[in-house]
Amino acid sequence: NTNLTIQTTFSRDFLIGDSLVKCSNSKEKVGSVGDNSNQNAMQKILSDSWYTKLLSISNFESEIYRNQEFFMSLYPNGKYITKFLSKLIDLNNEFRIIKPYIVIFPGASFYKRMWPIEKFVILIRELLLTFNGEIVICGSKSEINLCKSLESKINNSRIKNFAGKTSLLEFTEIIRRSKLLISNETSAVHIAATVNVQSICILGGGHYERFIPYPKNSNLKVPIPVIKKMKCFKCEWKCSLDHSEENPFPCIELIDSEEILKIAN
């Protein structure tokens, strides 16, 4: 048994985060008062009762500042220090690439937040012309078909596809050894920041400024956002613009590969 369980998420999830806290045997269970973005009012009333302490966090736009206030409220005499993540494991030979390489992460948690695969194809073809190294495609097991499709549309021997083959630890170390990561707005760009690797984030407007861009005073190699700025930004992904249900949100679909290439080169 542990003495303390900490749930740092501001927008708590009833079925994933909060239910795990309920199942723990800790004497103290600390979380954030948070909001109702990921659960309804009745779920939140119930899940609030599973904690022994809920910290009230200021309504910062940036999640980084929310996390900082959370820990400073929990440990008022402590120091909040941002450190790079130290080496986790040694990679197997399968994942050790000698030549310089760029990691491409084409997936996302929701298909409408994924940049079109056709645009990734254009981007990678252009990168192969200007970059002498290799391109490494990564993704989860649920994204194997997506990554296979991307690989097959380019059909180049300088492309390696690790989708569905790596653990989280292996994926982190693959990013650490890379020259650059190009990704949708996923955990991949945050992992890159923690291992001091530059990333480019194809960023929509639903949560603009909450997770990305990072605060300007961050000492990390922060993700560089590429955006198609619209008046409807910060919509919480409740898109009001007319678009096909099959396509990504317009703020993502309209981003051009040229903007990414300008940064990558």
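This is a predicted model: local features need pLDDT of at least 70, side-chain atom pairs count only at pLDDT 80 or more; totals for chains, interfaces and linings use all residues.

Student: Which residues of α6 are the buried ones?
Tutor: Glu170, Phe171, Thr172, Glu173, Ile174 and Ile175 are the buried residues of α6. The helix α6 itself covers residues 168-176.

Student: Take threonine 172. Why does it count as buried?
Tutor: Threonine 172 counts as buried because its relative accessibility is 4%, and buried means under 20%.

Student: And which residues does threonine 172 touch?
Tutor: Leaving aside residues up to four places away in sequence, threonine 172 touches Leu85, Leu88, Ile191 and Val195.

Student: Changing topic to pockets. How much space lies in the largest pocket?
Tutor: The largest pocket holds about 1,000 Å³ of space. Its lining consists of 30 residues, and those nearest the centre are Ile64, Asn67, His190, Phe211 and Tyr214.

Student: Which helix gives the most to that lining of the largest pocket?
Tutor: That is α3, with five residues. Both α3 (63-74) and α7 (187-194) supply at least two residues each.

Student: What is the make-up of the lining of the largest pocket by class?
Tutor: The lining of the largest pocket has 14 polar, eleven nonpolar and five charged residues.

Student: How much space is in the second largest pocket?
Tutor: The second largest pocket has about 290 Å³ of space. It is lined by 13 residues, and Ser11, Asn38, His207, Arg210 and Phe211 are the closest to its centre. By class, its lining has seven polar, four charged and two nonpolar residues.

Student: How many cavities of 30 Å³ or more does a search of the whole structure find?
Tutor: The search finds two.

Student: What lines the largest cavity?
Tutor: Its lining includes Cys232, Cys235, Cys239 and Cys251, together with Trp237 and Phe249. By class there are ten nonpolar and two polar residues, and no charged residues.

Student: And what lines the second largest cavity?
Tutor: Thr8, Phe10, Ser32, Ile57, Glu63, Arg66, Asn67 and Phe70 line the second largest cavity. The helix α3 gives the most here, with four residues. The lining has three nonpolar, three polar and two charged residues.

Student: You listed Phe10 and Arg66 there. Where does arginine 66 lie relative to phenylalanine 10?
Tutor: Arginine 66 lies over the face of phenylalanine 10, at 3.9 Å from the ring centre. A further case is lysine 112, which lies over the face of phenylalanine 249 at 5.2 Å from the ring centre.

Student: On to ring pairs, then. How many aromatic pairs does the structure hold?
Tutor: It holds nine aromatic pairs. Phenylalanine 70 and phenylalanine 71 form an edge-to-face pair, with 5.5 Å centre to centre and 75 degrees between the planes.

Student: Is phenylalanine 70 buried or exposed?
Tutor: Phenylalanine 70 is buried, with a relative accessible area of 1%, whereas phenylalanine 71 is partly exposed at 29%.

Student: Which residues form an aromatic cluster with Trp237?
Tutor: Phe110, Tyr111 and Phe249 form one aromatic cluster with Trp237. Tryptophan 237 lies in the loop between β9 and α8 and is buried, with a relative accessible area of 15%.

Student: What about the backbone of tryptophan 237: what is its phi?
Tutor: Tryptophan 237 has a positive phi of about 65 degrees, although it is not a glycine. Asparagine 196 likewise is not a glycine and has a positive phi of about 65 degrees. Asparagine 196 is placed in the loop between α7 and β8, where it counts as partly exposed at 30% relative accessibility.

Methods: Residues are numbered from 1 along each chain as its sequence is written. Side-chain values use heavy atoms; hydrogens and water are left out. Buried means under 20% relative accessible area, exposed over 50%, partly exposed in between (1.4 Å probe, protein chains only). Contact means heavy atoms within 4.5 Å. Rings of Phe, Tyr and Trp (its six-membered ring) pair if their centres lie within 6.5 Å; planes under 30 degrees apart count as stacked, over 60 as edge-to-face and the rest as tilted. A charge sits over a ring if NZ of Lys or CZ of Arg is within 6 Å of the ring centre and within 35 degrees of the ring normal. On a 1 Å grid over the protein atoms alone, a cavity is a set of points where a 1.4 Å probe fits but cannot get out, and a pocket is an open set with protein on both sides within 12 Å along at least five of seven lines; lining residues have an atom within 4 Å of a point. Grid points are joined across faces, edges and corners, and a volume is the space filled by probe spheres set on the points. Ala, Val, Leu, Ile, Met, Phe, Trp, Tyr, Cys and Pro count as nonpolar, Asp, Glu, Lys and Arg as charged, and the others, Gly among them, as polar.
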